[in-house]
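Here are a few friendly notes to read alongside the model. Keep the structure open and find each part as you go.

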Amino acid sequence: MTQAPVDEAAQPAPSSPAPGAPRRRRTALNTALVTALALLSALVVGAVLIAIGDEKTRGALGYFFAYPWDAFSFGWHAVSAAYVALFQGAIVDPSTLSSGDLGRILAPISETLLDATPLICAGLSVGLAFRAGLFNIGGQGQIIIAAIFAGYVGFAVHLPIVLHVVVATIAGVVGGALWGGLAGWLKARTGAHEVISTIMLNYIAYFLLLYLLSVPGFQAPPYGQAISNNVHATARLPHLLGSGLRLHFGFVLALLAAAGTWWLLNRSTLGFRLRAVGANSAAARTAGMPVESSYTVVMLLSGALAGLAGISQILGTNPAITGDIDAGFGFDAITVALLGRANPWGIVLAGILFGGLHAGGLQMQASTGTPVDLVVVVQAMIVLFIAAPQLVRSVFRLRPEQAVGQNLAKGWNG
Amino acid sequence: MSIAESPQQEQIIVREVVEPPVSTRRRVTTGSLLVVAGLLAVLAFGVGADKGSAVFGLNAASDTPFDVTVPAGLTAGLLGLVVVALGVYQLVRGFPRRQTRWVVAGALVSLVVAFLCWAASAGSTVQITGLLQQSILSAVPLVLGALGGILCERSGVINVAIEGQMLSGAFAGALFASVAHNLGVGVLAAVLAGGLVGALLAVFAIRYLVNQVILGVVINLLALGLTGFIYDALMQPHADQYNSPGVFSAVPIPLLGDIPVVGPVLFQANVLVYATYVLVVVVNVALFRTRWGLRTRAVGEHPKAADTVGIKVLRIRFVDTVLGGCVAGFAGAYLTLGAVGAFGKNMTSGRGFIALAAVIFGRWSPNGAVGAALLFGFADALQTGLTIIQAPVQIPSNFLAMAPYLATLFVVAGLGGRVRAPAADGEPYVK
């Protein structure tokens with residue numbers, strides 16, 4: 001597998017000649033349209049699920065043929081209540097607007113961006129690897145190792161206020177990079193497929209964490225629960241919108257990481273090399289590029305980006321390390337990277353969208369009782385539709401267009 | 001191979017099987033690893049054992065007790081020395097390529113027994129029969145999942161979605177068995193649900209040419225979300241109605257079940273376990289002895305050649321992917337209807353990925369995958385078993401839980417020779 005479904009044409013490339021421009025604009029428009037339709041289709045599927053999950057609607061389905069209107073009206077109520085709650089939890093709750101309390105008005109946005117932070121970081125990690133032709137499923141393990149490193153520096157070392165958070169961040173990035181780089185090195189050295197090695201490294205990291213959470217010195221006294229010591233206040237990322245809201249400096253780090261990744265991919269020699277290896281490793285080799293070392297380098301960088309997600313988790317969102325410190329972000333990141341089409345700014349937007357779905361989903365569960373797993377379904381459906389553009393185009397009768405880089409899936413031997 | 005001069009003289013052509021020599025580097029690596037592992041075993045398990053004897057319980061609880069007592073330190077030390085000897089021979093002379101895997105397997109068994117001697121030397125009895133029984137029970141879903149994966153991958157479709165197929169199977173099994181008050185209906189529903197997810201994989205991979213690894217990950221996510229949603233919305237609030245399917249009870253096989261150790265381990269289980277044995281044989285025969293199997297493998301290795309001789313590549317792939325999904329769904333049925341007796345959110349908890357590891361560990365062959373699954377099942381059983389045993393030094397169970405993944409990592413890194421997938425695995429076929 002050397003090429004993920006990366007829509008090369010969606011990339012703005014200012015240095016290229018003019019004649020391609022109209023076609024590129026049309027493709028970009030088409031891409032946006034497909035994305036919007038995928039989102040719409042996923043929400044429709046979600047609506048059907050909400051209706052089925054609703055007790056009253058299910059009851060009305062029992063006499064559907066006698067009086068179908070009930071099923072529709074109950075279903076509509078359930079669906080609209082759930083989606084309104086989702087909106088209120090993700091963007092803004094209109095009822096708080098009149099209160100004039102800025103903290104309450106901004107709370108949903110803060111939660112959305114808070115959830116978006118690790119999604120963006122880990123999404124960039126997956127996206128960067130995609131561009132170099134690698135599939136990094138190891139986000140979970142890299143996040144865990146980064147959290148272990150950063151967390152340990154955070155609670156075991158005493159340092160002055162600014163220095164401490166910087167050192168802890170660097171430790172986390174190094175941890176993630178090592179864990180990711182290990183998979184890249186294995187691929188470069190022995191040809192071990194990165195999909196398998198990163199899945200295995202996920203589990204190894206997970207059980208390592210569970211072990212550490214039972215070791216005194218790492219585990220918090222009184223040693224009854226699998227939770228680590230609390231990170232010192234000096235090592236915590238500062239809050240962005242005041243101490244009442246949970247959004248922290250990790251979001252800025254995520255945006256900086258996106259800018260850095262964009263620069264790396266589109267403006268640097270190394271990025272050109274990585275993209276060349278991803279597009280056609282044989283041609284890159286013929287051109288004299290070191291293909292094997294590129295694998296190691298890109299997985300080091302990819303692991304470092306995933307490490308940032310771990311840092312956001314342990315130095316920002318959570319006070320201490322627990323068994324589910326990764327919170328599934330490693331796998332959600334794959335959907336983020338696909339939705340963002342492995343383009344750094346696309347990943348930022350996709351991360352914010354899915355962050356909103358996460359935050360809104362919790363609100364939805366709290367106020368309407370619709371299980372938050374709905375968000376997972378919607379997320380998976382969106383990506384499924386995105387990954388198969390021909391499907392969306394045939395469903396909505398759009399003009400068929402050759403998707404770039406779609407047919408290049410390669411197997412375990414690749 | 002010249003044409004014979006006279007028709008009377010029959011020419012006998014003796015074809016020698018020329019085996020490529022094992023590379024020196026590999027020989028030295030394997031040999032030195034064996035020596036190091038053996039020496040470690042001698043030091044840690046032989047010398048490190050408490051003075052005393054290891055007691056191995058060799059039967060299930062139902063039969064008369066039958067214990068084997070051996071001097072712990074001595075046995076462990078000797079077994080370690082055997083591994084050292086194997087390693088030295090490998091270093092000096094080198095085993096032929098075909099024997100290497102048996103040598104490694106033998107060394108592994110020796111190391112495990114040495115380890116058990118050491119663990120039992122502090123005075124607790126290691127219930128070997130119980131341990132093996134538990135290994136089989138843990139291995140059954142892995143075996144089934146791996147067989148499902150092999151069916152897909154041999155025809156050239158990468159199946160990372162085993163986890164999702166298993167989860168859907170477990171879910172549908174519990175739901176439909178509860179509603180119909182019939183375990184058979186549950187099993188059927190589980191198989192169909194797994195097949196449905198397999199069909200989803202097939203449609204997107206074959207018709208829409210989506211990258212199959214990505215597709216697998218997304219399908220896993222979808223299955224996780226869907227089953228979790230319906231579980232929360234429907235099954236948990238009305239558990240007695242929708243989530244109480246019951247469990248298949250154990251049916252001892254009359255004669256075979258009475259064999260001392262083998263009986264309790266293999267032949268006192270429920271119907272689903274026996275079905276697994278049958279499936280292993282069926283998949284083996286079907287894949288290597290039937291026309292369908294030959295076509296499947298041809299399509300997985302070289303679809304263009306297969307197409308040229310008139311095999312319907314896409315149809316074979318579609319059927320195999322759905323079949324693989326069915327088998328993985330059956331694995332899910334085992335989890336809910338054969339073991340736990342109820343569905344729980346994300347109850348497969350990564351078993352699908354271990355099954356995938358077993359496929360690769362077993363080099364895409366059914367027997368290899370069964371071996372790998374048994375190994376993983378044993379590690380799992382040992383992990384739970386060791387929490388009861390008072391070993392001389394308490395071992396963190398998390399390290400044992402890590403073992404299957406570490407082993408797989410070593411295998412894909414080429415420790416036991418390069419693993420090679422079916423040549424066209426994961427590459428969509430477009431005429």
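1. A definition to begin with: two residues are in contact if their C-beta atoms, placed from the backbone, lie within 7 Å. This is a predicted model, where local features need pLDDT of at least 70 and side-chain atom pairs count only at pLDDT 80 or more, while totals for chains, interfaces and linings use all residues. Residues are numbered from 1 along each chain as its sequence is written, with chains lettered from A and ligands numbered from 1 in the order in which they are written.

2. Look for helix α4 (residues 128-154) of chain B, which lies across β1 and β3 of chain B and runs at about 35° to β3(B). Helices (H or I, at least four residues) and strands (E, at least two) are DSSP runs, numbered from the N terminus. Axes are lines fitted to C-alpha atoms, for helices over the stretch in contact, and angles run from 0 to 180 degrees between N-to-C directions.

3. Those strands belong to an open sheet of three with the order β2-β1-β3 (chain B) and mixed pairing; strands pair if DSSP finds at least two bridges between them. β2 (67-71) and β3 (125-127) of chain B are at the edges with a single partner strand each, so one side of each has no neighbour in the sheet. Strand β1 (residues 53-57) of chain B pairs with β2(B) in the antiparallel sense over five bridges, and B:F56 has B:V68 as its bridge partner in β2(B).

4. Now turn to where the chains meet: 47 residues from chain B and 48 residues from chain A take part. On the chain B side, α7(B) gives the largest share, 16 residues.
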